[in-house]
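This briefing looks at how side chains pack inside a protein. Have the sequence and the model open while reading.

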Amino acid sequence: MIEEKVILVDINDEPLGLMDKMAAHEQALLHRAFSVFVLNDQNEVMLQQRASHKYHSPLLWTNTCCSHQRAGESNIQAGKRRLEEEMGFKTELKELFHFIYKAPFDNGLTEHELDHVMIGYSNEAPKINKEEVESWKWMKIEDIKNDMQIHPEIYTVWFKIIFDKFYHYLESHTL
């Protein structure tokens with residue numbers, strides 16, 4: 001299997017080149033990424049639980065999907081591709097904002113990402129890819145915020161960071 005490449009970027013999101021995903025995470029190099037939040041008509045977020053065999057953060061809860069853009073792929077194209085690969089459905093996406101974060105893992109890898117956060121809407125139940133996703137659920141935004149304070153250990157490191165930014169974005173913007 002060919003190693004997935006990530007797009008290395010500077011702080012202005014200007015591409016600097018491609019690198020194997022694992023090497024970029026081992027060296028904590030800044031690279032382009034995206035995070036998708038899908039909401040239903042009840043204003044609940046679709047969360048996914050990462051598959052048990054993932055090399056980091058197995059069985060932890062996170063946003064609907066996230067990954068890395070491929071060379072030549074727009075943020076929206078990447079988000080739609082990965083949403084279909086992981087969750088088995090399509091929906092329109094809109095980019096809300098982007099920001100940089102750095103989050104080390106227990107296994108020596110580090111996420112250092114310029115993350116493009118997107119939103120989509122669907123009431124559809126996903127057809128999850130069991131290679132990627134263990135389970136899924138809908139959760140109200142306030143319930144996620146409260147549960148993260150009580151049970152932070154059941155959420156991915158990056159989701160805790162991204163959700164906080166997403167929550168504050170929703171407080172100050174109408175969608």
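A residue is called buried under 20% relative accessible area, exposed over 50%, and partly exposed in between (1.4 Å probe, protein chains only). The model is predicted, so local features need pLDDT of at least 70 and side-chain atom pairs count only at pLDDT 80 or more, while totals for chains, interfaces and linings use all residues. Residues are numbered from 1 along each chain as its sequence is written, and side-chain values use heavy atoms, with hydrogens and water left out.

**Cysteines**

- A disulfide is a pair of cysteine sulfur atoms within 2.5 Å, and a search of the whole structure finds zero of them.
- The sulfur of Cys66 lies 6.8 Å from the closest cysteine sulfur, in Cys65, which is too far for a bond.
- Cys66 is buried, with a relative accessible area of 19%, and Cys65 is buried at 0%.

**Aromatic rings**

- Rings of Phe, Tyr and Trp (its six-membered ring) pair if their centres lie within 6.5 Å; planes under 30 degrees apart count as stacked, over 60 as edge-to-face and the rest as tilted.
- This rule gives ten aromatic pairs.
- Phe97 and Phe99 form a tilted pair, because their ring centres are 6.1 Å apart and their planes are at 35°; both residues are buried.
- Phe159 and Phe163 are also tilted, with centres 5.6 Å apart and planes at 55°.
- Helices (H or I, at least four residues) and strands (E, at least two) are DSSP runs, numbered from the N terminus.
- Phe159 and Phe163 are four residues apart in helix H4 (residues 157-172), so about one helical turn separates them.
- Phe159 is buried at 0% relative accessible area, and Phe163 is buried at 3%.
- Ring pairs join Phe159 and Phe163 into a cluster with Phe37, Tyr155, Phe166 and Tyr167.

**Nonpolar cores**

- A nonpolar core is a set of buried Ala, Val, Leu, Ile, Met, Phe, Trp, Tyr and Cys residues joined through side-chain atoms within 4.5 Å.
- The largest core has 27 residues, of which Phe37, Leu47, Ile144, Phe159, Phe163 and Phe166 touch the most other members.
- Strands S3 (31-39), S4 (44-50), S7 (93-104) and S8 (110-121), with helices H3 (141-150) and H4, each supply at least two residues of this core.
- H4 gives the largest share, seven residues.
- A second, separate core of twelve residues includes Val36, Cys65, Ala78 and Met118.
- In soluble globular proteins, nonpolar side chains tend to be buried together.
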